[in-house]
Each structure stands twice: as structure tokens, then as C-alpha cells.
Amino acid sequence: MSLTRIYGLFLRHFYLITRSFPRILDLVYWPSIQITLWGFISNFFATHTTYYNNAVGVILTCAILYDFLFRTSIGFNMLFLEEIWSRNFTNLFIAPMRIGEILTSLVITALIRSLIGLVPAILLTSPLFGISILDLGIFLFFLFLSLYIFGITLGILVSSGLLRFGPSFENIAWSTMFLLAPFGCIYYPIETLPEIFQKVAYVLPLVYIFEEARNILINQSVNIENVYYALMWNAFYFSLSIALFYYSFNAAKDKGTLINMGE
Amino acid sequence: MKNLIEVQNIKKNYGKKEAVKGISFNVEEDEILGLLGPNGSGKTTTIGMLLGLLKPTSGQIFINNLKLEENRIQILEMINFISPYIELPKKLTVKQNLYVYSKLYKVVNIKERIEYLSEKLRIGELLNSITGELSSGQKNRVSLAKALVNEPKVLLLDEPTASLDPEVGDFVRTFLEDYKKEKKISILLASHNMNEVTRLCKSVLMMKNGEIIDQGKPEDLIAKHGRTNLEEVFLKLSRSKSEFN
């Protein structure tokens, strides 16, 4: 692994973001709007339901966590799609970069992109709604870590599809998170799902993350099992996504997708 | 002379379609080899295999005596490519693009390298311009600078002067001739511009339907086929129903 090359690819996206005010605005705007909207909904539920009345900000906290996941996943896909849209894909893949270096660089860049959007949104919640996501305590780190890994995993899976099938896979890139969101039990307990959906939910890390966030905020207790299962499933899906990316890269070299990408 | 590119009986099949049917050729150090052929003859597929973007169905490729299959990264460090069909990130300035690619190729003296290429390719005043806002001729010179940023031993050129006006086209050809002489690099040039090929190439390969149907020095091919220039030879060969069809 070469840090110079990882830094080089990071710079390519850093320059892109910093050169364009609309891009920065786009990164900050959506999370802030999303969080503000959910803040008001959260306030409403907190005063009108018994489930949430002792835990103001449960929905808002989950909205912030989900937005982080969404931004990380979409952010990773965007970095990959940028190369296709700018017809720079071939230049990137004829540069002496290892797949691991490309992925590492994109993983770091996706985190920075997500934080650019998330930090202002989190800062908004305190003065507007009197809520701090830091109420989750030290476990906030593990929940964010799990979401980050899963967001990156989805990004890598979609990028594998782009490598294998070309730009026509782009629409899938936008819809992945929406497909999984109902199973993630972001705003409701898992019992809300039909039994068959619960089985699907239990093999995804999301349900453990959001159940634990609610558990900490509502019951003021920590179920370490949820954190463990979230990380375990993440490790499984992350390894799978890396293996699939390598497989797709080799398949693309066989099918010729790399040479026609962007045309 | 040492061979910097050695292609040994490479084939590429896409399913049942044979895009390249077992071709072999070498490119020596300090040589420009022309790769000619009508659209769909297998030129781009051949270049794709040399760049490691395509996996040959069979056969072997050696760059500077290293087997491509086993030394991909090491080989990519010493080759580069330019084509009008690929571009540099449009929103970045020229300097940013050259800096990024210098990092990707682990260039040591980046500032000096960019200054050298800027002077040679007359892009000094474009360094702070947005790449996407440049004219075709300017973009071409910037792409060439990117392709030379790593001081490649092997340069693959796919239609390097397509869509350029005669003045810029001539500038690029002269630059390539001088650069090749100075650095003793090998160049594989795929082009439909026969005057360009005649001027630059020591020898040419004529491809059709995935096969090499003829090869030799431009002047020898012209004499062999009883024509007055390479374009006529190209037309004769590409229109003929050879034994290979």
C-alpha cells in the first residue's frame, strides 16, 4: 500500500469539493434539512405519544444516525460515479494503483464528505431542539463505526456492480439504501415488522444499531450484545463486499467494461 | 535494440466473438510502431490488453522484460496512455490534475516535472485554468503532459491528434518525435491519420478482423502493394477480401 497514491486520489476528490461552492452546499444542505424536519417531527411525537415521551430526541437521534449511513454510502458511490461521469475512469485504472489503495482512498474521502454534512446538522440540533447526540455516550462511537462500515460496504457493493455492469448500474446506486431502510428498523422497533421481514432484519447490522440507540436513550441501559452483533455482521458483509469488488474487477477485465466505461 | 514491448500470440474472445486472434509483435526501445486498421479491427482491444484493462484469453505480454500478468503495478509505473476518448477531471485546474497524477505515479520532483512539461508542451499559462474549459488543442497537450508525468518508457497513443487543427497536430507530432529521440522511449501509435503514421513510424502493423494482415516499414508496404502512399495501402488492405476473412 502506498500512502502517496492514497493521498493522490484523496486530493483529486478534495480539489473537486473545495473548488465548487454548490458541491459544499449540497453536502451540508440535505443533512441539515433532514435533521431539522425530523427534529420537529420528534418534538411532536415526544409530546403526543407515550412511547417516546420520556426520551425526547429518539427519532431525531436515529435520523442523524441514518443520515450518516446514507451519506457515507451515497458518498462512496458518488466518488466512483464522478470518475465515470468525467470520463476519467480509464486514467484511474491505468495508474499504478492497487485495488486496496483505491478503496482505502475512497473510504477516507467518503468519511470526510459525510462529516462535512453531518457536523453542521448535529450542531443544529442542540440550539433548535435541545438535543445532543452525545447523550448516547461512549457507545455513540461504536454505533457510528458500525454505520460507517455498513455505509462503505454498500458503497463497495454498488461500485462492484458499476465495475461489472457499467454505468447502467447507476440507478441501483441511488436506490440501495431505500431498499434496505424498511429492514433497518430505523424509526420503529423490530416487532413492528412482519415475522418474515424480521428474519431478514436480523441478518443486517442496521437493526442492532438502531435498537441499541433506542435502548440507550429510552431505557438508559446498554445491551452490549447489540453492539457485538452489529460489528459481527458488518465484518461479514464488509469482507463479502471486498471479495465481490475484486471479483468484479477481474470480471470487468474479462468483459472489457473497464475500457468502455464512460462512453 | 532491446524490445520494450513483446506481445506473444495474444487472443481476446468476448464470448464466441474473437476480437483479437493470436497476434504477436515487438516494439523496440526508441521506436514508434504504428497500429493501423479499420474500426473494429482489434486495435483498441490490443491497447486495452497492453494497459492491463483487458485480460487476454491466451498469450503473453512483456513490458521491459516483465510479464504483465504478474507485474501489473510495476509495469503501469513505466507506461502511460493518451486517447481522445478519455479525459482528465474537468472541474480541476490543469495544475491540480497534473499534481494528482504525479502523486498517483509517485513522481519525486513534482514541481520540477510539471515545470518541465509545461515548458515543453507550452501549457505554462494554462496551469491555473479549469481543465474542462480548455479548447481541444489545449486539452490534448494537457493530456499529453499527464501521460508523460511519470517519464514512461512505453507510451501508448490512440488517435493522439484526432480533432486537432493542423498547427496543433503538427506541434504534437514534432514534440513526440523529439521526446522519443531524447528519452529513447517506445511508442505504439494507433491512428487513422496515414500522413502522421508515415511521418512518425519506423514500421507499421496492419490489422483487420483481429489479425495482423501485413507489417513492415511504411515505404516497403507502399512499394510491396504498388501504391503511392500509405493511405492507398490501407484502403487496399481494408477493402480486400483476404484469406483471413
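Colleague: Which residue in β4(B) is the bridge partner of B:K11?

Modeller: The bridge partner of B:K11 in β4(B) is B:S58. Before going on, please note that this is a predicted model, in which local features need pLDDT of at least 70, side-chain atom pairs count only at pLDDT 80 or more, and totals for chains, interfaces and linings use all residues. Residues are numbered from 1 along each chain as its sequence is written, while chains are lettered from A and ligands numbered from 1 in the order in which they are written.

Colleague: What counts as a strand or a helix, and when do two strands pair?

Modeller: Helices (H or I, at least four residues) and strands (E, at least two) are DSSP runs, numbered from the N terminus. Two strands pair if DSSP finds at least two bridges between them. In this model, β1(B) and strand β4 (residues 58-63) of chain B run antiparallel and are joined by five bridges. B:I5 also takes part, with B:I63 as its bridge partner in β4(B).

Colleague: Which strand pairs with β1 of chain B over nine bridges?

Modeller: Strand β2 (residues 17-28) of chain B does so, in the antiparallel sense, with strand β1 covering residues 3-14. Within that pairing, B:V7 has B:F25 in β2(B) as its bridge partner. The two strands make a hairpin with two residues between them, and in the turn B:G15 has a positive phi of about 65°.

Colleague: In what order do the strands of the open sheet stand?

Modeller: The four strands follow the order β2-β1-β4-β5 in chain B, and the pairing is antiparallel. At the edges are β2 and β5 (66-67) of chain B; each has a single partner strand, so one side of each is left without a neighbour in the sheet.

Colleague: Where does strand β9 of chain B find its partner?

Modeller: Strand β9 (residues 203-208) pairs with strand β10 (residues 211-216) of chain B over five bridges, in the antiparallel sense. One of these bridges links B:M207 to B:I212 in β10(B). This is again a hairpin with two residues between the strands, and B:N209 in the turn has a positive phi of about 50°.

Colleague: How many helices and strands does chain B have?

Modeller: Chain B has nine helices and 10 strands. Its radius of gyration (taken over C-alpha atoms) is 18 Å, close to the 18 Å that the globule rule (2.2 Å times the number of residues to the power 0.38) gives for 245 residues, so chain B is as compact as a globular protein of that length. Along its principal axes, the C-alpha trace of chain B spans about 55 × 40 × 35 Å.

Colleague: Into which domains is chain B divided?

Modeller: Domain bounds come from an automatic or database domain assignment. Here chain B has domain 1 (3-78 + 152-239) and domain 2 (87-151). Their C-alpha centres lie 25 Å apart. Residues are in contact if their C-beta atoms, placed from the backbone, lie within 7 Å. Nine residues of domain 1 of chain B are in contact with 11 residues of domain 2 of chain B. On the domain 1 side, helix α6 (residues 166-183) of chain B gives the largest share, three residues.

Colleague: How many residues does each chain bring to the contact between chains A and B?

Modeller: Chain A brings 29 residues and chain B brings 26 residues. On the chain A side, α1 (3-18), α4 (89-94), α10 (224-255) and α11 (257-260) each supply at least two residues. The largest share, nine residues, comes from α1(A).

Colleague: Is A:N234 buried or exposed?

Modeller: A residue is buried if 20 or more other C-beta atoms lie within 10 Å of its own, exposed if 12 or fewer, and partly exposed in between, with C-beta atoms placed from the backbone. A:N234 has 23 other C-beta atoms within 10 Å and is buried. This residue lies in helix α10 of chain A. Not counting residues up to four places away in sequence, A:N234 touches A:S146, A:I149, A:F150, A:T153 and A:P205. For chain B, 47% of the 245 residues count as buried.

Colleague: Which residues have the most contacts inside the largest nonpolar core?

Modeller: A nonpolar core is a set of buried Ala, Val, Leu, Ile, Met, Phe, Trp, Tyr and Cys residues joined through C-beta atoms within 7 Å. The largest has 142 residues, and A:L65, B:L156 and B:L189 have the most contacts inside it. Helix α3 (residues 58-85) of chain A gives the most to this core, with 17 residues. Leaving aside neighbours within four places in sequence, A:L65 is in contact with A:L143, A:L147, A:I209, A:F210 and A:A213.

Notes
Two residues are in contact if their C-beta atoms, placed from the backbone, lie within 7 Å.
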